[in-house]
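Subject: Structure handover and findings

Dear colleague,

Please find the structure below, followed by a summary of what was found in it.

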Amino acid sequence: MFDIKEYYESQEDLNDRGGDIVTIDDDIAHDIGDLLSSRFENLYRRDRYKHDGTVIEILHPALQYPGPSSLLMNPDRVRHLLSFYPEKHDFRKIEKIVLRPRYVEVGSIELVSLYLRRQKILVLYLYHPHFYRMRYAAATGRDESYLRDRLIGDAVKHDGDTEVHAHPLWYLITMIREGDDGGIDKFFIKKSDMNGRICEVLNDISFFYSRHGY
């Protein structure tokens with residue numbers, strides 16, 4: 001996780017990038033305004049994940065993308081990932097997960113997620129498929145087979161030790177911090193050596209949804 005302004009401030013061509021910083025900040029502010037406005041209700045459908053006394057609302061686009069949708073998260077996928085997340089007490093930090101079908105990128109970085117601390121809203125954008133390295137055994141005390149046997153493929157990859165490579169949703173849940181200060185946590189990834197074809201597809205999906213008001 002890093003802040004976009006800190007990233008650009010470390011670059012020699014900062015002056016040439018100033019407009020990009022303003023643009024992406026404007027995009028983020030616009031997205032948040034949409035999430036908290038009446039338009040939000042018209043564009044999204046509500047689903048839920050329940051565990052004991054915890055209820056997390058999953059808001060996803062009411063409009064279905066007409067092309068290949070493997071790069072889009074859906075409520076079933078979110079529920080699957082939440083169901084096997086080891087530390088269920090972390091769910092207290094989240095009241096809503098919003099699947100935002102927009103691709104936001106500037107230069108060599110992509111916006112992965114926003115977390116609105118006061119509202120406890122986690123927003124997932126479109127992004128390149130990737131994993132985060134995480135250690136879990138010491139924290140959870142679970143047998144390694146819990147992850148190796150039950151979560152495979154694009155959810156968790158196991159290296160045969162206490163480290164796993166986990167889906168971004170798992171990583172984000174571990175990283176976000178509660179607060180009542182109205183702050184917004186921003187999560188980015190660097191795009192170096194990423195698949196150009198995937199970029200095209202992400203842009204196509206984003207353009208489709210932008211034309212329909214998302």
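The largest nonpolar core of this predicted model has 30 residues, and those with the most contacts inside it are Val78, Leu82, Ile97, Leu122, Leu124 and Leu169. A nonpolar core is here a set of buried Ala, Val, Leu, Ile, Met, Phe, Trp, Tyr and Cys residues joined through side-chain atoms within 4.5 Å; buried means under 20% relative accessible area, exposed over 50% and partly exposed in between, with a 1.4 Å probe and protein chains only. Helix 7 (residues 168–175) gives the most to this core, namely five residues. Helices (H or I, at least four residues) and strands (E, at least two) are DSSP runs numbered from the N terminus. Another core, of 29 residues, lies apart from it, and Tyr44, Leu59, Val104 and Val201 are among its members.

As to the basis of these values, residues are numbered from 1 along each chain as its sequence is written, and side-chain values use heavy atoms, with hydrogens and water left out. Because the model is predicted, local features need pLDDT of at least 70 and side-chain atom pairs count only at pLDDT 80 or more, whereas totals for chains, interfaces and linings use all residues.

Leaving aside neighbours within four places in sequence, Ile97 is in contact (heavy atoms within 4.5 Å) with Ile56, Glu57, Ile58, Leu59, Val78, Leu82, Leu122, Leu124 and Leu169. Leu124, in strand 6 (residues 121–124), is buried, with a relative accessible area of 2%. Not counting residues up to four places away in sequence, Leu124 touches Met73, Ile97, Val98, Leu99, Arg100, Val112, Ser113, Leu169 and Leu172.

In helix 4 (residues 75–83), the residues Pro75, Arg77, Val78, Leu81 and Leu82 are buried. They lie on the same side of helix 4 because they cover an arc of only 160 degrees around the axis, the arc being that of the directions from the helix axis to the C-beta atoms. Among the elements that cover them are strand 1 (44–51), strand 2 (54–61), strand 3 (96–99) and helix 7. At the start of helix 4, a side-chain oxygen of Asn74 reaches to within 3.1 Å of the backbone nitrogen of Asp76.

Glu57, in strand 2, counts as buried at 13% relative accessibility. Its side chain is joined to that of Arg48 by a polar contact of 3.2 Å. A polar contact is a pair of N or O atoms within 3.5 Å; within protein, one must be able to donate a hydrogen and the other to accept it, and residues adjacent in sequence count only if both atoms are side-chain atoms. Not counting residues up to four places away in sequence, Glu57 touches Arg46, Asp47, Arg48, Glu95, Lys96 and Ile97.

Tyr132 lies in strand 7 (residues 132–135) and is buried, with a relative accessible area of 13%. The side chain of Tyr132 makes a polar contact of 3.0 Å with the side chain of His130. Tyr132 and Pro168 are 36 residues apart in sequence and 6.4 Å apart in space, C-alpha to C-alpha.

For the protein as a whole, the secondary structure comes to eight helices and ten strands, and 46% of the 214 residues count as buried.

Yours sincerely
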